[in-house]
Amino acid sequence: SMGFTVPDSPQWRIELGFDHIAESDYNENPLFQGSLITSEGYVADAQSGGVQSTLASDIYSVMAFYDFFDGIQKPLKQMIPYIGFGAGYADTKTVLQLTDSYGDLSDVYELMGYGTVDSAGVIQFNKSDTRTSNLAPVVAAGVSYGVSNKIFLDVGARAMYLPKIKWQLSSADNELRRDWFSADGMLYINAMVGLRVEF
């Protein structure tokens with residue numbers, strides 16, 4: 001992060017930031033489990049598909065911070081609480097590996113283009129990656145400790161809200177794409193410890 005203290009208002013800081021949310025796994029087998037109504041009108045318990053996937057996000061943000069202290073000089077050798085708020089642009093990459101664990105997906109004609117059919121008649125789906133862009137509100141809170149006039153130990157937490165992230169199937173040549181599932185209302189919360197240097 002880089003930023004500056006607002007002239008004549010030393011309690012306020014403006015910051016441009018970059019956060020990389022490291023790759024995390026999302027795996028489910030079965031992906032769907034529940035009741036289905038057959039074409040004859042019967043209710044049947046069904047399981048369908050399995051998935052191995054990852055997601056990772058890059059978030060570029062602009063934030064305003066307010067440090068709670070009196071006067072025009074940040075106090076030294078004491079805790080200074082702060083809050084922050086702002087907005088960011090989030091670029092999230094998901095990687096999806098769908099498997100036909102129960103043999104029901106290989107009978108769906110519309111899915112044939114998203115993989116190859118093996119000798120047992122099961123579709124071996126392509127590994128597919130998808131990018132989702134979101135505007136992400138960001139809030140923060142923490143405390144800083146003045147080691148010197150220019151160096152502050154900073155301990156805080158940030159929360160970033162991503163409205164929606166998508167996982168898609170894709171063909172080998174990327175000509176075909178199909179939404180498969182999504183996650184709504186993703187909330188990233190980061191705890192951070194670091195040094196802030198003010199020039």
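Which residue lies over the face of Phe 152? Lys 74 does, at 5.9 Å from the ring centre. A charge counts as over a ring if NZ of Lys or CZ of Arg is within 6 Å of the ring centre and within 35 degrees of the ring normal. Arg 13 is placed in this way too: its charged end sits over the ring of Tyr 82, 5.4 Å from the centre.

A word on what we are looking at. This is a predicted model, in which local features need pLDDT of at least 70, side-chain atom pairs count only at pLDDT 80 or more, and totals for chains, interfaces and linings use all residues. Residues are numbered from 1 along each chain as its sequence is written, and side-chain values use heavy atoms, with hydrogens and water left out.

Now the sheet. Seven strands form an open sheet in the order E1-E2-E5-E6-E9-E10-E11, with antiparallel pairing. At the edges are strand E1 (2-5) and E11, each pairing on one side only. Strands here are DSSP runs of at least two residues, marked E and numbered from the N terminus, and two of them pair if DSSP finds at least two bridges between them. Strand E6 (residues 79-99) and strand E9 (residues 127-146) run antiparallel and are joined by 19 bridges. Within that pairing, Thr 92 has Thr 132 in E9 as its bridge partner.

Next, the aromatic rings. Rings of Phe, Tyr and Trp (its six-membered ring) pair if their centres lie within 6.5 Å; planes under 30 degrees apart count as stacked, over 60 as edge-to-face and the rest as tilted. By this rule there are eight aromatic pairs. Tyr 66 and Phe 68 make an edge-to-face pair, 5.0 Å centre to centre with 80° between the planes. Trp 167 and Phe 181 are stacked instead, at 4.7 Å and 15°. That pair links distant parts of the chain, with Trp 167 in strand E10 (residues 151-170) and Phe 181 in strand E11 (residues 177-197), 14 residues apart. Both Trp 167 and Phe 181 are buried, where buried means under 20% relative accessible area, exposed over 50%, and partly exposed in between (1.4 Å probe, protein chains only). Trp 12, Tyr 66, Phe 68 and Phe 85 form one aromatic cluster.

Last, Tyr 188. Leaving aside neighbours within four places in sequence, Tyr 188 is in contact (heavy atoms within 4.5 Å) with several residues, among them Ile 21, Leu 55, Arg 158 and Leu 162.

Methods:
Helices (H or I, at least four residues) and strands (E, at least two) are DSSP runs, numbered from the N terminus.
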